[in-house]
Amino acid sequence: MGKSINVSLIGNPNTGKTSLFNRLTGLNQKVGNYPGITVEKKEGICKLDRSLKAHILDLPGTYSLNTSSLDESVVVETLLNKNSKDYPDVAVVVSDIENLKRNLLLFTQIKDLEIPTILVINMADRMQRKAISLDIALMEQELNTRVVLVSARKNMGVDNLKRAISEYKNLKSVPCVNASSIDPEYFATLKKAYPRQSIYKLWLVITQDVNFGKIDRNRDLEDLKSSSFAVKSESDLKKMQHKETVVRYQFINALLNKVLNVDKSQAKDLRTRLDRVLLHKVWGYLIFFVILLLIFQAIYDWSTYPMDWIDTFFAKASSWAQTSLPEGPFTDLISEGIIPGLGGIVIFIPQIAFLFLFIAILEESGYMSRVVFLMDHIMKKFGLSGKSVVPLVSGTACAIPAVMATRNIEDWKERLITILVVPFTTCSARLPVYLIIIALVIPEQEVWWIFNLQGLTLMLLYMLGFGAAIFSAWVLNKILPIKRKAFFVMEMPAYKLPMLKNVGITVLEKTKSFVLGAGKIIMAISVILWLLASHGLGEQFTNAEEIIKEQYAGQNLSDEELTNKIAAQELEHSFIGYIGKGIEPAVRPLGYDWKIGIAIVSSFAAREVFVGTLATIYSVGSDEEETIKNRMRAEVNPILGGPLFNFASGISLLLFYAFAMQCMSTLAIVKRETNSWKWPAIQFSAMTVIAYFAALAAYQILK
C-alpha cells in the first residue's frame, strides 16, 4: 500500500465542511470521540492517487483559534500537538463564498502556525447568480497558498482539491499576517526565550489559558508555563488578542478589496433583490421609517383592549379590598397603597411586550443587521458607527442592556460616546409616562385616514429622543479629548422567518425582567409614598374632617364630595404635602403643582415611578371606581384655574421626561462600564439641566 497523510478539515460552522468531508471520503468514514472527551470525531479515507491516500479528519466548527468552548479547543489542541497521530500534514480551511471576510480570520491564524494550508472556497456555484468574481491567481499570491473553488453540493472542484492536497509539499508555510506587530518588544522577548519554537504557536499556548483554562498540550511547550518568562496579565493579553483581531481584519479587508468584486446590480438571488430594496439610499430609509411608524401605531392601538381589562381589574380589586377587609391602616395600605401602585405598572405590560415583540422579530429576521449597515455612514458624521445603532435601538427597550451592548464597539471614544447618549433614546420606562400624558393632553383625532394624532405624537417623542442622542454624540465627539481609531466590520446574515419559540422567549424574558426589576422599586416607593401621604402632624391634618365639615356647612355637599374634600385636606397637610410644597417654587415655572413635583422627585429613582406615585397620591381619598387617567384629568390648576394637565403643562412634562436621566440602575451600569463615577455624574447633571430648561421653555411659550 502507498503512503498515507493526515488532512484536517477546518472551518467556521455552516460553511459546508461536512458536505465536503462526505464528498472526499464517500463510505470510507467512521465516527468516534476524541480521547478522554465526548466531542464527536469524524474521520475517513480519501484515495488521492495510486500511491497516496489521505486520512481526513473533520474537526469541529470554529470561528477562530481564540477558543471559548470544548469543541473549539479540540481544533487548537490538534494543531498545536506535533506528537499527536492526528497532527495534519496539510490543513484544508473551508470557507463559503458569501462570508469570506469572517472565514479568512480563521485561515490567517492557521497559516501563521506554519502548517501547509489550502483555502477552499465552497458554494462556488452561487458566484454567477450573486454576481461575485474572484481573482484566484492574485489571491494565491497574497495568501502564499493554493486557493480552490468547489461546490460540495454539486460535486464541483473536488478533483482539483484532491490534486492540491496530493501536491501539499509544494505549499509555502509562510505566515500571511505578522501577529508580532501588535507588541514587537513582547514577541521579541518571547522569541529570544524560545528560539526553536514557532512564535505564533507560543502565543496561542499563552492565550489558551486565558480563553479556556488549563488544558493539556504538546510536551515541547510545557516548559513555557514553568519558565521564568514574564507572562502578561489576563487583561493585557485580552487587549493584545483584540489588537491581533484588528490587524487580521485590516489585512483581510485590504486583500478582499484587491481580489473580490461583487456587482450587486447583476445579482439575481432573492437575498440580493431584498437587499437592493432594503439598503437603497432612499427606499431603505423610507421602509425603515414606515416600519418604525407601524410599530409605534401597533403599540398604541393593539394594546388598548388588554390595558382596559387590567385597569378595570385593579379598580375593582382596590374597591373589593376596601369593602371586604376590616377597617384599619392595613386595609388602607392594601387598597390605597399596594394595589394602585401595582396597577400602575401592570397596566403597561401590553405596550412593553409589543415593543419587545417587534424588536425580537426584526433581529430574528436579519433585518436589524441591514439597519446597522444602512445607518453606518450617517452615524459616522456624528462620531459613531453602524455598531452604535444596535445599542441605540436596544435603548428603546431598556438603557441597561443597551449600555452593556456597547462592549462590541472596539474604539473607546466611540464606545464612551454611545454609553453617554444611549439614555436619551426612549426606553420602555418612559412609555407609561408618555402614554398617560398623551392620552390627557393630545386629542384622539384621526390623521390621514389610518393614523391618529396620539400615535404620531408618540412617534415624534421617539424621534426626539433619537435626535437628542445623535446631536449629543456630535457634540461629545467634538469636545472629548480622546484619540480614536475607526474600525467597522460587519457581516449580513441571511434572511429567515423568525422562530416563534425564540421570539416568545425573548418577549417573555425581557418583559419579566422589566416588571420584576422596576416593579420592586416602584412597589417600595409606592408604599413609602402612601405612608407619607396618609400621615401628618398638626391640627390641619388630625382634625381634617371637623375642619372641612365646618368650612362647608350649609353648602349641601354630597357624601362623595365631602369625602373628597376631607381627603384633599389631609393630603395637603400630610408629610408628602409639606415636601411637595417645599419644592413647588422650583417646578411651578414648568406648569406643575406640588403633587407633580413629588412624582418627579420620586421618579428620579426610576421613570416609571411617576405614574405609580400619581396613582398613589390620587387614590388617597378618591373614588375607587375612577381610573388613574380620569383622576388626573379632573385635577385643577390651583393658581391659574382650568385643568392642571393642559396642553402646555403636558408638553412640558413630556419634554422633561424625554431628556431627564431618571434611572439609578442605568447610572450604576454606566459606572461599571466606565469604571468611574465621573461619567455617570456628568451624564446625570447634564441631562437634568437640559430637561429642566426644555420643559421651562415649552411651558412658557405654550401657556
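In the predicted model, the side chains of glutamate 167 and arginine 146 meet in a salt bridge, with N and O 3.5 Å apart, where a salt bridge is defined as a side-chain nitrogen of Lys or Arg within 4 Å of a carboxyl oxygen of Asp or Glu. This pair links distant parts of the chain, since glutamate 167 lies in the loop between α5 (158-166) and α6 (184-193) and arginine 146 in strand β8 (residues 146-149), 21 residues apart.

Because the model is predicted, local features need pLDDT of at least 70 and side-chain atom pairs count only at pLDDT 80 or more, whereas totals for chains, interfaces and linings use all residues. Residues are numbered from 1 along each chain as its sequence is written, and side-chain values use heavy atoms, with hydrogens and water left out.

By the rule given above, the count comes to 12 salt bridges. One of them joins the side chains of arginine 126 and glutamate 98, at 3.0 Å from N to O. This pair, too, links distant parts of the chain, with arginine 126 in the loop between β6 (117-122) and β7 (132-134) and glutamate 98 in the loop between β5 (90-96) and α3 (100-112), 28 residues apart. Arginine 126 counts as partly exposed at 25% relative accessibility, and glutamate 98 is partly exposed at 23%. Lysine 85 forms a salt bridge with aspartate 86, the closest N and O atoms being 3.5 Å apart; lysine 85 is exposed, with a relative accessible area of 60%, whereas aspartate 86 is buried, with 9%.

A nonpolar patch on the surface is formed by Val277, Val282, Trp283, Leu286, Phe289, Val290, Leu294, Leu460 and Met463, which together have about 840 Å² of accessible area. The elements that give two or more residues to this patch are α11 (283-301) and α20 (453-479), and α11 gives the most, with 5 residues. Patches consist of residues with over 30% relative accessible area and no salt bridge, like charges being joined within 9 Å and nonpolar side chains (Val, Leu, Ile, Met, Phe, Trp, Tyr) within 5 Å; the accessible areas come from the Shrake-Rupley method with a 1.4 Å probe, and for residues only the protein chains shown count as cover. Phenylalanine 289, one of the patch residues, is placed in helix α11 and counts as partly exposed because its relative accessibility is 37%.

Helix α20 also packs with helix α18 (residues 412-421), at an angle of about 140 degrees and with the axes 9 Å apart. Axes are lines fitted to C-alpha atoms, for helices over the stretch in contact, and angles run from 0 to 180 degrees between N-to-C directions. The angle therefore makes α18 oblique to α20, given that angles under 35 degrees count as roughly parallel, over 145 as roughly antiparallel, 65 to 115 as roughly perpendicular and the rest as oblique.

How values were computed
Helix = DSSP H or I, 4+ residues; strand = E, 2+ residues; numbered from the N terminus. Buried < 20%, exposed > 50% of the residue type's maximum accessible area, 1.4 Å probe, protein only.
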